[in-house]
Amino acid sequence: MTSPPLATLSPESAGSPFWNKLTETMPREKLDALHLQRVQALCHYAYEHTRFYRRKFDAAGLRPSDIRTLEDFKRKVPVTDKSEFIHLQQERPPYGDTLALPMDFVAHHCETSGTTGVPLAIPYSMVDSVRYGESWVYGFWGLGIRPSDTFYFAFGWGNFAGFWSAYWGARRLGCRVISGGGLDTKGHIQAIQRMKPTVLISTPTFALRIAQVARDMGVDLSQSSIKYTYHAGEPGPTALPGMREQIEKAWGAKAGELLGIAEVDAIAPGCPLGDGVHVNEMNVFSWSMDPESGGEVADGEIGENIVTGYANTAQPLLNYRTHDLVRRRSACSCARTWAKFEGAVLGRTDFMVTVRGTNVYQTAVENILNQIEGVSMHYELVLTHENGNDGMTVRFEPEPSVTPEKWDAIAKDAGERIHQALHVRLNVVPVAPVTLPRFELKTKRIIDQRPKELRRALDR
Amino acid sequence: METQDQAKLLRHARELIAQALAGSELPQIEAILRNADMELHWALWNLGEPVALRPELEYRTTR
């Protein structure tokens, strides 16, 4: 008697173009009915389980039972922001009174990179981590990745949510996982040659960096085993068509991307058409807000993405400001009904830029410069793109009273402080007083010298 | 199989797990059963069925 052949999925499931056709193509009315039921449940849950939301609701004169429609939810539930959570976490580490579950339920701890000043602590329960991982799978599957594939993680794991959640997703899909944690770039190349994975997970700029180093070693990665590359953490092949071309050429592979927000979810896996991302509406309810008026913007117009996560039962996030500017569409020729963000994130409301995979906020750099004696208020941040990486140079005018022989020491001090606070090394260069441009109205601090095709759409 | 039929089977499976959970005195087995129930709850969620935000929030009625 012979055993039946072992298979991870039935032929019927394996042949599906969707990870879950039922929900990915669900009519809008049904999706919205589900969202209403789920945001109502979330309002009750957050109000009953966290002092933070009880205070927010009470201050707004709101009870969870007041939310009878999605419009009620958008208009009545106060928007929340990362800074509130960080403030409360600093008051009572690690999670302040934003935690909705007993600590025993916190199965995984991550942190943001802290580029706004202080890292945000992110607790995930086991349920949350399963849901978070699932979000990646929609994107993996849409790109063509299957359980027979092997993932290579070119990433030092640390506390970053992005690639832990990608790992949870690869596990859910049932793929083989190879960790490149701890290896340098050459080590990654050698590991890929030796173990022959088919999927590369990395930040998009690091994928280009690996390819560059491989070329220097005489290795052509377009001939390697990699069939797919998948990216998150900074603008990638969906947001930057020029980058897609470079990655796909260098790796001889199909490149995918998803939009993730560490504390929320891998909220929007890439559309198979490659021109945008679809909000995972099983995990997230989202709408677009005019950052000035607070009102909702219409479909097709650019607005700030406001999200509510169902995958954050440890630290609920309701009407959470992402500061990401997106153009939302309700229809897509790929047949998915989940909201689509054309070109992923088009820009930031707070002038964040990504340098070597680390988000750097203009305000964070300004805050550091402002603390350094001898640095004047006249400075600019110059963005460049060299060898596959974004870079930032801080050009500052020393105070006129500082003698030129002290300028380099001040620059070195500034560079060290930036590295210590933001975990990224920036070039800091003094320039002679009164050489930087002066502005009558808003000061233009960011000078973007990156090729246009490598910038987010609104930065071009 | 129709979605409603599949959902009905999943709910029945959760009822059986709840019974097994109620009689469990082995932490290993209880942990496995809770994990199984979490996955079934998640399956119902992804079929668009009306379930609670977390599986444990339903334990008062299913256990």
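User: Reading along the sequence, what pattern does chain B follow?

Analyst: First, a heads-up: this is a predicted model, where local features need pLDDT of at least 70 and side-chain atom pairs count only at pLDDT 80 or more, while totals for chains, interfaces and linings use all residues. Residues are numbered from 1 along each chain as its sequence is written, with chains lettered from A and ligands numbered from 1 in the order in which they are written. Chain B has three helices and zero strands; helices (H or I, at least four residues) and strands (E, at least two) are DSSP runs, numbered from the N terminus. Its pattern reads α-α-α.

User: What radius of gyration does chain B have?

Analyst: The C-alpha atoms of chain B fill a box of roughly 35 × 20 × 20 Å along the principal axes. The globule rule, with the radius taken over C-alpha atoms, is 2.2 Å times the number of residues to the power 0.38. For 63 residues a compact globule would come out near 11 Å, and chain B agrees with that at 12 Å.

User: How much of chain B is made up of buried residues?

Analyst: A residue is buried if 20 or more other C-beta atoms (placed from the backbone) lie within 10 Å of its own, exposed if 12 or fewer, and partly exposed in between. Of the 63 residues in chain B, the buried share is 17%.

User: Is Leu33(B) exposed or partly exposed?

Analyst: Leu33(B) sits in helix H2 (residues 27-45) of chain B. Leaving out residues up to four places away in sequence, Leu33(B) touches Ile17(B), Ala20(B), Leu21(B) and Ser24(B), where contact puts the C-beta atoms, placed from the backbone, within 7 Å. Because 19 other C-beta atoms lie within 10 Å, Leu33(B) is partly exposed.

User: Which helix gives the largest share of the side of chain A that touches chain B?

Analyst: The contact takes 16 residues from chain A and eleven residues from chain B. On the chain A side, helix H2 (21-24), helix H3 (28-49) and helix H7 (126-143) each supply at least two residues. The largest share, six residues, comes from H3(A).

User: And how many residues on that side of chain A are nonpolar?

Analyst: Ala, Val, Leu, Ile, Met, Phe, Trp, Tyr, Cys and Pro count as nonpolar, Asp, Glu, Lys and Arg as charged, and the others, Gly among them, as polar. On the chain A side that touches chain B, four residues are polar and one is charged, while the nonpolar ones number eleven.

User: Which strands stand at the edges of the six-strand open sheet in chain A?

Analyst: The strand order is S4-S3-S5-S6-S7-S8 (chain A), with mixed pairing, and two strands pair if DSSP finds at least two bridges between them. The twist averages 25° from one strand to the next. Two strands have a single partner each, so one side of each lacks a neighbour in the sheet: S4 (176-179) and S8 (265-269) of chain A.

User: At what angle do the axes of H7(A) and H8(A) cross?

Analyst: Axes are lines fitted to C-alpha atoms, for helices over the stretch in contact, and angles run from 0 to 180 degrees between N-to-C directions. The axes of H7(A) and helix H8 (residues 161-173) of chain A come within 7 Å and cross at roughly 75°. On a scale where angles under 35 degrees are roughly parallel, over 145 roughly antiparallel, 65 to 115 roughly perpendicular and the rest oblique, that makes H7(A) roughly perpendicular to H8(A). Residues meeting there include Trp136(A) from H7(A) and Trp168(A) from H8(A), and the crossing angle is roughly 75°.

User: Which residue in S13(A) is the bridge partner of Arg329(A)?

Analyst: Strand S12 (residues 320-329) of chain A is mostly covered, with nine of its ten residues buried. S12(A) pairs antiparallel with strand S11 (residues 302-309) of chain A over five bridges and with strand S14 (residues 347-348) of chain A over two. S12(A) also pairs antiparallel with strand S13 (residues 340-342) of chain A over two bridges. There, the partner of Arg329(A) is Lys340(A).

How values were computed. Contact = placed C-beta atoms within 7 Å.
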